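Grab a pencil and open your viewer. Here are a few exercises to work through, each with its solution.

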Amino acid sequence: MASAPEVQHTLAKAAGFSGMSLHTGEKVSLKLHPAPADHGIKFRRKDLADEPTIDAKIENLKMVERATTIGEGSMRVHTVEHVLSALSAMGVDNAIVEMDANEPPIGDGSAKPYVDVIKRAGVVSQETPRRFFHVRDPMHIETKNGSMLILLPDDNGFRISCTQAGPNNRFTQFMSTDIAPEIFEREIAPARTFVYYEDVEPLMEKNLIKGGSLENAVVVRGDAVLSKEPLRFPDEFVRHKILDIIGDLALVGCRIRGHLIAVKPGHAANAELARAINKERARRQALTVPKVVPKGNGGLDSDEIMQILPHRYPFLMVDRIISFDEGGTKCIGVKSVTINEPFFQGHFPGHPVMPGVMQVEAMAQVASLLLFKLAKTTSRIGYFMSADDVKFRKPVMPGDTIFIHAELTKARGERLAKAKCHCIVNDAIVSEGELMFTFLDR
Ligand SMILES: [Zn+2]
């Protein structure tokens, strides 16, 4: 039973590989490094003075011709989409991508070399909840060259349904898939870059893709498919389109919960959708300050809480229950912490910090309300028996609003129950613990 929210992940250790860069044809080394929570993905140019870093954010997007380029000032990082796709789909939220050139090694033109590096490094969880963009209303992007992207709500995860079509609708392919690490590794990551001969011919003449060869791209000439090794999937092209979409949308810097319908997608359209998502996130953020606590929804106000709990000032540590989930095994309580809390007078003079044990008390009260709601009786009272795995992660100060989450994990007979709890302030877990209760008649 998952109780805590989905958390951010980074790499367990650094790992890298070397190869050729597509545009210059020179050798380049890439190394992925772990990074702290909320760091996001940054690129580091080790070959430049002071080794500047740049956020892999849509705000830094500079070019979408053939590949995705980000930049800041005069610094550029080209062809970021394949490594970003691998990091995002393999569940890495925070990392530094260090390189000694202006683009990553092209490898075999797929995301497989990056997946291999990520697996060698290992992926580990962090303590901060992941950031999500939940699609609420359909979003729609259409470009002049016929790309169409429609993003629909889907709270189950991130799903892409993609139709790819070449010139005169040759090589029309369709694929619909959930985006999850195992699926990505097996079905999407090995799909290689493909190009149309008529598009790359002028580039080859201008010597712009020195590193390009049949070893790192599939070339389509008329109806013929040219590559060093045979196609890895009959529909390899649409799979690579999905790979590129994931990489380009990684520039929004959070996980997407929704279903993307993509018809003839390309970097320009993908980037435009990433910008639209970013704008919508900014709009929502502006709306949610100050945080509005929903009323009703089967919650409890302070009077209703006091009809259930015997606790009173200064020991009532929950102001309101904002929701009980439908299964009835989870609930969320709210406690507004003010400077008038009596414990701040002594904890500590001149430096008010909410005692961790008071947070445990708040968890216990919210868990008791959950248990009473389940038992539908107030004739018995729950006594707090034990607390396991209690951790205090961040200080709670006057002015903070604590969201106290409780989930029933075990109920033994009528007398014993266990609840997993955590407290959240500003989207970060400040404390957590597993509490056990016994029930006695009042
Ligand atoms: Zn690509």
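The exercises below start with the whole chain and then turn to particular sites.

**Exercise 1. Get an overview of the fold.**
Work out how many helices and strands the protein has, and what share of its residues is buried.

*Solution.* Keep in mind that this is a predicted model.
- Step 1: of the 442 residues in the protein, 50% are buried.
- Step 2: for the overall dimensions, the C-alpha atoms fill a box of roughly 85 × 45 × 35 Å along the principal axes.
- Step 3: take the contacts between residues at least 6 apart in sequence; 69% of them join residues at least 24 apart.

**Exercise 2. Describe the zinc site.**
Find the protein donors of the zinc ion and decide what arrangement they make.

*Solution.* 
- Step 1: check the angles. A tetrahedral site needs all angles between 85 and 135 degrees. The four donor atoms here subtend 53 to 150°, so the arrangement is irregular.
- Step 2: read the spacing along the chain, which is H-x157-H-x3-D. Distant parts of the chain are linked this way: His82 sits in helix 1 (residues 81–89) and His240 in helix 5, 158 residues apart.
- Step 3: look at burial, where the cut-off is under 20% relative accessible area. His82 has 4%, so His82 is buried. His240 has 2%, so His240 is buried too.

**Exercise 3. Pack two helices.**
How do helix 3 and helix 5 cross, and which residues meet?

*Solution.* 
- Step 1: recall that two packed helices are described by the angle and the distance between their axes.
- Step 2: the axes of helix 3 (residues 181–188) and helix 5 (residues 236–249) come within 10 Å and cross at roughly 135°. That angle is why helix 3 counts as oblique to helix 5.
- Step 3: from helix 3, Phe184, Glu187 and Ile188 meet Arg239, Ile242, Leu243 and Ile246 of helix 5. Sorted by class, the contact has five nonpolar, no polar and two charged residues.

How values were computed:
Residues are numbered from 1 along each chain as its sequence is written. This is a predicted model: local features need pLDDT of at least 70, side-chain atom pairs count only at pLDDT 80 or more; totals for chains, interfaces and linings use all residues. Side-chain values use heavy atoms; hydrogens and water are left out. Axes are lines fitted to C-alpha atoms, for helices over the stretch in contact, and angles run from 0 to 180 degrees between N-to-C directions. Helices (H or I, at least four residues) and strands (E, at least two) are DSSP runs, numbered from the N terminus. Angles under 35 degrees count as roughly parallel, over 145 as roughly antiparallel, 65 to 115 as roughly perpendicular and the rest as oblique. Contact means heavy atoms within 4.5 Å. Ala, Val, Leu, Ile, Met, Phe, Trp, Tyr, Cys and Pro count as nonpolar, Asp, Glu, Lys and Arg as charged, and the others, Gly among them, as polar. Donors are N, O and S atoms within 2.8 Å of the metal (3.2 Å for Na, K and Ca); water is not among the atoms, so sites may look incomplete. Four donors count as tetrahedral if all angles lie between 85 and 135 degrees; four count as square planar and six as octahedral if opposite donors are over 155 degrees apart and all others between 65 and 115; anything else is irregular. Buried means under 20% relative accessible area, exposed over 50%, partly exposed in between (1.4 Å probe, protein chains only).
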